[in-house]
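Please take a moment with the sequence and the structure shown here before reading on. The paragraphs below lead through a few of their features in turn.

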Amino acid sequence: MDFPAALKQLIQQPQNVAIFSHRNPDGDAIGSSLAMLHYLEQYGHTVHVLFPSEFPEEFEALPGAEDILVWDIHTEESKHVLRSKNLFIFLDFNALNRIDKMGDFVRDLPGKRIMIDHHLYPDQIADYMFSEPEASSTCELVYRFITGIGDGQKVNPTVGKCIFTGLVTDTGSFRHATNANVYRIAADLVERGVDDTGVQDMIFNSQKEKNLRLLGHCLVNRMEYMPEYRTALIWLSKKDYELFNIQRGDTEGIVNYLLSIKDVRLAAFIHNQPTVVKLSLRSKGDLDVQDICKKHFNGGGHKNAAGAYSHDSLKSTIQKFKDLLPLYKEPLLRKN
Ligand code: 5GP
Ligand code: MN
């Protein structure tokens, strides 16, 4: 990472800062945003964190989560706050359409912009772009940003807890997308006083009974396995959403269970959310699901984890997905 003098000055002198992350914020989006907030506040900046939509309940336990502005809910207040800002920080996304209408609003506001992200193919949306698709998580990059600028001592247990959250969620508890940095950073954070098992507890042992019943329903009644394409699929209908009273965050992580089938290379979770059909794809090995999402569903993400939205019906989205499989037969069936 490179830190021009003008950027250092921007960070080390109080500004009016807005931190953004993407729609349906996950642990990395929330963790990186709150880590950046608690870091910048040590320099006396006035900081607000804004998300386009709500975040899963388990992250309400993170320090600062209670003050996050959600554009869908606090639209007027968000606009008011944003008009006073002169520094905009984009975390865990790399195209303004990932923050929906808020992106259109922010596009025209005067001020400097910093982007820190690990998704493929960034748009040129910032004056200072830190884009590293090889990084495990935006939290890894935020840690390297803070230490790289020479502020390692500002990674206190509060900043550390937020960073650790994104490391854990984006690597599936250190099971994928890891690199040597991840373990070094995790060790450093624990030495600085982060309660690592406490964070894991916050994320994974905070489910409601209905989440387990929903998972059971998905695995027993909604799972399809297509061994000829080494592909597994779970789908959920609008009716399922009503039956299980599915709320934000309740379907997080379900797709990963499909990857636990030994021969599966491609996992899909296709669900009819109240207003739109959402796809989540995951892969093992060489198969690039970002490419599938981008080419066929106008989505994006990473090589092994990507997503998209479809405005077709659930049925035709599932059919479209299945019809694509023969196109990917070679990478799906390749021995690796
Ligand atoms: P998930 O399937 O958990 O929603 O997302 C997996 C990854 O793909 C995340 O890194 C997420 O940011 C990205 N992603 C999900 N949906 C979209 C989308 O509609 N467009 C783009 N560009 N990326 C997405
Ligand atoms: Mn991320």
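**Cysteines, strands and a metal site**

Cys139 is a buried residue, because its relative accessible area is 0%, and buried here means under 20%. The model is a predicted one, and in it Cys139 takes part in no disulfide, the nearest cysteine sulfur being that of Cys162, 7.8 Å away. For Cys293, which is likewise in no disulfide, the nearest cysteine sulfur belongs to Cys218 and is 19 Å away. Cys293 also counts as buried, at a relative accessibility of 0%. With a disulfide taken as a pair of cysteine sulfur atoms within 2.5 Å, the count comes to 0.

Turning to the strands, S1 (residues 16-20) pairs with S2 (residues 46-51) in the parallel sense over 5 bridges, and within this pairing Ala18 stands opposite His48 of S2. Together with helix H2 (residues 27-41), strands S1 and S2 make a right-handed β-α-β unit. S2 is in turn joined by 2 bridges to strand S3 (residues 69-70), with the two running parallel, and here Leu50 has Leu69 in S3 as its bridge partner.

The manganese ion (ligand 2) is coordinated by Asp28 (OD), Asp92 (OD), His118 (NE2) and Asp170 (OD), at 2.2 to 2.3 Å. Along the chain, the donors of this manganese ion follow the spacing D-x63-D-x25-H-x51-D. Asp28 and Asp170 are both buried.

Technical notes: Residues are numbered from 1 along each chain as its sequence is written. Chains are lettered from A and ligands numbered from 1 in the order in which they are written. This is a predicted model: local features need pLDDT of at least 70, side-chain atom pairs count only at pLDDT 80 or more; totals for chains, interfaces and linings use all residues. Side-chain values use heavy atoms; hydrogens and water are left out. Two strands pair if DSSP finds at least two bridges between them. Helices (H or I, at least four residues) and strands (E, at least two) are DSSP runs, numbered from the N terminus. A crossover is right-handed if, with the strands pointing away from the viewer, the path from the first strand over the helix to the second runs clockwise. Donors are N, O and S atoms within 2.8 Å of the metal (3.2 Å for Na, K and Ca); water is not among the atoms, so sites may look incomplete. Buried means under 20% relative accessible area, exposed over 50%, partly exposed in between (1.4 Å probe, protein chains only).
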